[in-house]
Each structure stands twice: as structure tokens, then as C-alpha cells.
Amino acid sequence: MKLLNEAKHLIKDNIRDYGMYIALIVIMVTFSVLTDGLFMSSRNISNLLDSAGYIAVLAVGVMLVIVIRHIDLSIGFLAGFLGAIAAILLMHVGLPVYIVIPIILILGLFAGSITGFLVAKIGIPAFVATLAGWLIYRGAILLATEKTGTIIINNDTFNAIGNGYIPSLAVINGVHLLTLLVGALAIVFYIYSTINNRRNKIKYNFEVVSKQIFILQLIFVSAIIGYITWILGSYNGLSWTVVIMLFVVIVYHFITTKTVVGRHIYAVGSNPEAAHLSGINVSKITFLVFGSMGMLSALSGILFTSRLQSATTTAGTLFELDAIAAAFVGGVSAAGGVGKVTGAVIGALVMATLTNGMNLMGVGIAPQYIIRGGVLALAVIFDVFTRKQRA
């Protein structure tokens, strides 16, 4: 009974962090029941993760933009435009993939830096500056694809980024061995880092959960990692899209939680004036966040173009709204200063899961938009409610 009460208080006190994880599990179980298990099939889960990859990458970047109390509307068409540039460099110029990808990422960083300069140095409101970028990149896509309309990419290496899977050491009873090994390493790393984090908290007299709850947490999360790994391993294994998405999550989670820059980002988001008075260069942080957003837009464009195996005139349409919705569903606060990288990715998975599950059930496109809009509204209402509760 004592253990159950502690668990209830833990969830209640950390409802912002745990809410979306619980919601994702509930949604997945619901769709699994409604589709007679089809939703949780290995093939469908693999396709779901791949389809969420390019939005999840954007959501990570836009989450940081929202944390510092700004917005970026240009990221969708920037991703589409840079995807078209990648297609042109590959098919018309004839550059190899290992040169094209760095060029696209640098162009994205440059484009994001221009937006950051306009916002941080010139003082143009982010909404206006990025709306201008939305229009510019929309026109740029049309110019880049006006001759052919669609640029087909016949490059197996590039296309493998969005459609390929990590190599297999062996396949045992239809299960991808290397994927299982990666999952096992992920579980070991999770257990080690969590135990190490708990020890550090105890060392500095921070409050921690009881040993029983801590062990249950380790078992539960490890079981989820193992189950997802098994599902993916039973199909074709880990896709390169998932690997790239995980890499982005790990890097940005480290930056936001373990570095000075990360602490400064949240300080600026919580109170820009106080951050400035404490010696933080608010303009520099704003510039860095928008530059990072541009680079992630480029990566998103690469993932989407590779998955589609072509560049089209409509690439990037509504990407920014999907990413912003994912960030809010994942727990970022509209007031700034609150948000997690993992939350943004979970938000992207929640939205992708809703779309995927409703497609399997044959739900029409109109009800799908209404339901997704309702979920977004509920997420923001939940954010407002939790902030009032803490005030």
C-alpha cells in the first residue's frame, strides 16, 4: 500500500513529464485492440517510426525555439527546399552523397543563422521574420523544381537514409541479431546512467524515490526498450531513420541537460530580462537556437526527400505545424522556459500514432484533422492547468 501511494504521488508530482508517456501507451494499446493487433505488428511499428522521423527531428529544434519564447514558421518549406537542393546536387550536378549531405546541413545552418540574426540583432519579431522565410522558401522550392516538377533520385546510398536498415550480423529465427544487440546495449546504458544519476543525487542530498520504486522503474523502462527492439528486430531491424532520430535525441538531450549552453537556453526562456542581467548573452543564445533549427530543418529535408526518393513542389507543406504541434503535445510550455527533447520526440510519436492508427481503421481525413486538433488543444489546456496548479 505504501508503495502504491508513493507511485501515485510520484506520477502526480511529475505529471508533466509522465503524462505523454502514459498517453502514448494508452493510444497504442487502444489502437492495437481496435485493429485486432495489426497496429502492433512489426511492419507497422517500423513504418510508424520511419514516418515520424523527419517530424521528430523538426520537433526537437522547434521545441528549443519555443522554450526561448519564439516561433519558427519557415522550417517546413526550408526542409523541402533543401531537400530539392540535395536532389539537384545528386542528380544534376553529380556530387557524391558524402559531399551533398554536409553541404545541405551547412546551408541549413546558414539559413537558420539569418533568421537568428533578424530576430536577435535587428529585432524583428520571430513570427514576422519566419513568415517571410516561409514565403521565400516556398517560392524557392517552386523555382528549384519548375523544370521537371519532380526530381527523381536514383541514388541507392541516399535513398537508404530514409528507406534502408542497419546491416545484419545474422538473422536467427527471423530476428535481426544486430538490432537485438543494440537494444541490449541501450538497456545496459539506461540502467547504468540511471543508477549513476541516483547516486549523484544521494551524494548531494537531493530527494530520490524509494529503492522499490526505482527498481520498478528500471524494470519497466528496460522492458519497453526490449519489447520495441524485439518488434523492430522481427521485421528488418533498426532503420537508418530511427538511428538518426536517436542520435539527434541523444546529442540534444546532452546539450540541454549537461552543458552551460543548455542551462542558458532555459534561463533565457524562463526570464529573458533576468538572464540578461545575470550576464547571459540573450542575443547569442537566440542566434544559436535559430541556427540549430535551420540545421535540423536541413536534416529533416534529407530524411523526407530520401524516404520519398524524390523532391517535389509540395515538399515541406505543413511540416512546421506538425512539428509545433508535436512540441506542444510533448510538454513544451507556451510561456517559455519549459520543455524536453525527449518530450518533443514523444509528442511527434503521439501525433504519428494517431494518424497511423486512424488510417488503419479507415477514418476519413476530415475527422483525422479534427481529432489531431483536439489532442493539441488538450495538450495546451493541460499545460495551462499544470502551471496554475504549481503557481
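Me: Before we start, which residues count as nonpolar, charged or polar here?
Reply: Ala, Val, Leu, Ile, Met, Phe, Trp, Tyr, Cys and Pro count as nonpolar, Asp, Glu, Lys and Arg as charged, and the others, Gly among them, as polar. Keep in mind that this is a predicted model.

Me: OK. How do the residues lining the largest cavity divide?
Reply: Six are nonpolar, two polar and two charged.

Me: How much space lies in that cavity?
Reply: About 80 Å³. Ten residues line the largest cavity, and Phe-328, Val-329, Gly-331, Ala-379 and Phe-382 are the closest to its centre.

Me: Which helix gives the most to that lining?
Reply: H16, with three residues. Helix H2 (15-34) and H14 also supply at least two each.

Me: How many cavities of 30 Å³ or more are there in the whole structure?
Reply: The search finds three. The second largest cavity holds about 40 Å³ of space.

Me: Switching to pockets. How much space is in the second largest pocket?
Reply: About 570 Å³. Of its 23 lining residues, Asp-322, Met-351, Thr-355, Tyr-369 and Arg-372 lie nearest the centre.

Me: Which elements give two or more residues to that pocket's lining?
Reply: Helix H3 (42-67), helix H14 (319-329), helix H15 (341-360) and helix H16 (365-390).

Me: And how do the pocket's lining residues divide?
Reply: Into 14 nonpolar, seven polar and two charged.

Conventions: Residues are numbered from 1 along each chain as its sequence is written. This is a predicted model: local features need pLDDT of at least 70, side-chain atom pairs count only at pLDDT 80 or more; totals for chains, interfaces and linings use all residues. Side-chain values use heavy atoms; hydrogens and water are left out. On a 1 Å grid over the protein atoms alone, a cavity is a set of points where a 1.4 Å probe fits but cannot get out, and a pocket is an open set with protein on both sides within 12 Å along at least five of seven lines; lining residues have an atom within 4 Å of a point. Grid points are joined across faces, edges and corners, and a volume is the space filled by probe spheres set on the points. Helices (H or I, at least four residues) and strands (E, at least two) are DSSP runs, numbered from the N terminus.
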